[in-house]
Amino acid sequence: MREALSSRPGRHPHGPPLVPDVDDIQQGYAHLPCERRPVRGTPVRLFTFPEGNTDESRTVVCLPGLGASGRSFAPMEPLTDALRLLLWTPPLRTPATHTPLLWNLAVLDHAEALLPGRFALLGSSYGSLLAMAYALAHPERVKALVLVSPVASVHRIRRLALTLSTLVRAPRPLAYLLAPTVARVLGGQRLPPEGRAEIVREARRLSPVELLRRLRDILATDLMPRLHELQVPTLVIQGGQDLLVPPRAARDVARHIPGARLALIRGASHLPYMSHPDAFNTLAGDFLRQHLD
């Protein structure tokens, strides 16, 4: 396992402003078209880049974190000259017959998802759990894995993560007070205003019941004993100041996956692709281009 270090960027000159009104929250990422793709009777929101690469052999399916949408990966746009990025958003509701994790695995692998036969997966936080579970269930379909702030076992993350993820579900007046703090913890000092707004907007779309079911998935799932089965090129990207998933947890994940590489972005928190896009895009882009060529 090799660990790469990137330099600490300069601090953001201003603190986070108040969260904008709901009607204004889409500002900044609104240029990404959204396709509502029905899969197994549930709508999946799929964001794409209008001028991006369309070569199916270079497809990367991006899976967001708990309560986020695929649009949170908008800062990865510079990579679309060489990569076909599909910004996947799990269904807002899952049937009672399945856990959210099992339902999303089934949806991703269904013919109606219209994904190519083989593709790379990039998952952030809860999305990394889904990415690892999918690669274990369908290794023949995964070309490469990028795991960001990886969650493989609840024993490796801080309980603060589960607490903070529920705060943005507070009643609207209270959410306006708490959301900037929650967003600061998730994204750190350099999370841009549209990124902070994106976190709150998507959290408000997700029902408390669905959020609770996804949290239970995290509590009930432990993939660590099976990570040695992964035989796919893997890059783990971790923020050096992540308060939710500590760097040692990312090191554990990388250590358990044969041949995995760990890249630490100093100064970044839980969402490095939003707060430190230059460093993140260099790391992820170089890795993905290498394994999709």
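The model is predicted, so local features need pLDDT of at least 70 and side-chain atom pairs count only at pLDDT 80 or more, while totals for chains, interfaces and linings use all residues. Residues are numbered from 1 along each chain as its sequence is written, and side-chain values use heavy atoms, with hydrogens and water left out. The secondary structure comes to nine helices and nine strands; helices (H or I, at least four residues) and strands (E, at least two) are DSSP runs, numbered from the N terminus. Of the 293 residues in the chain, 58% are buried, where buried means under 20% relative accessible area, exposed over 50%, and partly exposed in between (1.4 Å probe, protein chains only). Among contacts between residues at least 6 apart in sequence, 79% join residues at least 24 apart; contact means heavy atoms within 4.5 Å.

**Nonpolar cores**

- A nonpolar core is a set of buried Ala, Val, Leu, Ile, Met, Phe, Trp, Tyr and Cys residues joined through side-chain atoms within 4.5 Å.
- The largest such core has 45 residues, of which V61, W88, L121, L145, L227 and V253 touch the most other members.
- At least two residues of this core come from each of β3 (42–47), β4 (59–63), β5 (84–89), α1 (100–109), β6 (119–124), α2 (126–137), β7 (142–148) and α7 (247–256).
- Helix α2 supplies the largest share of this core, nine residues.
- A second, separate core of 35 residues includes A74, A144, M274 and L288.

**L121 and L145**

- L121 lies in strand β6 and counts as buried because its relative accessibility is 0%.
- Not counting residues up to four places away in sequence, L121 touches V61, L63, A131, Y134, V142, A144, L145 and V146.
- With the same exclusion of residues up to four places away, L145 touches L121, A131, A135, L230, V232, P233, T234, L235 and F287.

- Helix α5 (residues 193–205) has 13 residues and should span 18 Å at 1.5 Å a residue, which agrees with the 19 Å between its end C-alpha atoms; the expected span is 1.5 Å times one less than the number of residues.
- The buried residues of α5 include G195, R196, A197, E198, I199, V200, R201, E202 and A203.
- In α7, P247, A249, A250, D252, V253 and A254 are buried.
- The elements covering the buried residues of α7 include α2, β7, β8 (234–239) and β9 (261–265).
- L292 is placed in helix α9 (residues 277–292) and, at 6% relative accessibility, counts as buried.
- L292 touches S57, R58, T59, V60, L83, A120 and K143, not counting residues up to four places away in sequence.
- Although L292 and R58 are 234 residues apart along the chain, their C-alpha atoms are separated by 5.7 Å.

**Loop residues**

- R40 lies in the loop between β2 (34–39) and β3, and at 36% relative accessibility R40 counts as partly exposed.
- Phi of R40 is near 55°, a positive value in a residue other than glycine.
- S149 is found in the loop between β7 and α3 (159–167), and at 0% relative accessibility S149 counts as buried.
- Phi of S149 is near 45°, again a positive value in a residue other than glycine.
- E51 is located in the loop between β3 and β4, and its relative accessibility of 77% is why E51 counts as exposed.
- E51 and T80 are 29 residues apart in sequence and 7.9 Å apart in space, C-alpha to C-alpha.

**Cavities**

- The structure holds two cavities of 30 Å³ or more; a cavity is a set of points on a 1 Å grid over the protein atoms alone where a 1.4 Å probe fits but cannot get out.
- The second largest cavity has a volume of about 40 Å³, a volume being the space filled by probe spheres set on the points, which are joined across faces, edges and corners.
- R45, G67, A68, T89, P90, L92, E202, L206 and R214 line the second largest cavity; lining residues have an atom within 4 Å of a point.
- This lining has four nonpolar, two polar and three charged residues, where Ala, Val, Leu, Ile, Met, Phe, Trp, Tyr, Cys and Pro count as nonpolar, Asp, Glu, Lys and Arg as charged, and the others, Gly among them, as polar.

Note on methods:
On a 1 Å grid over the protein atoms alone, a cavity is a set of points where a 1.4 Å probe fits but cannot get out, and a pocket is an open set with protein on both sides within 12 Å along at least five of seven lines; lining residues have an atom within 4 Å of a point.
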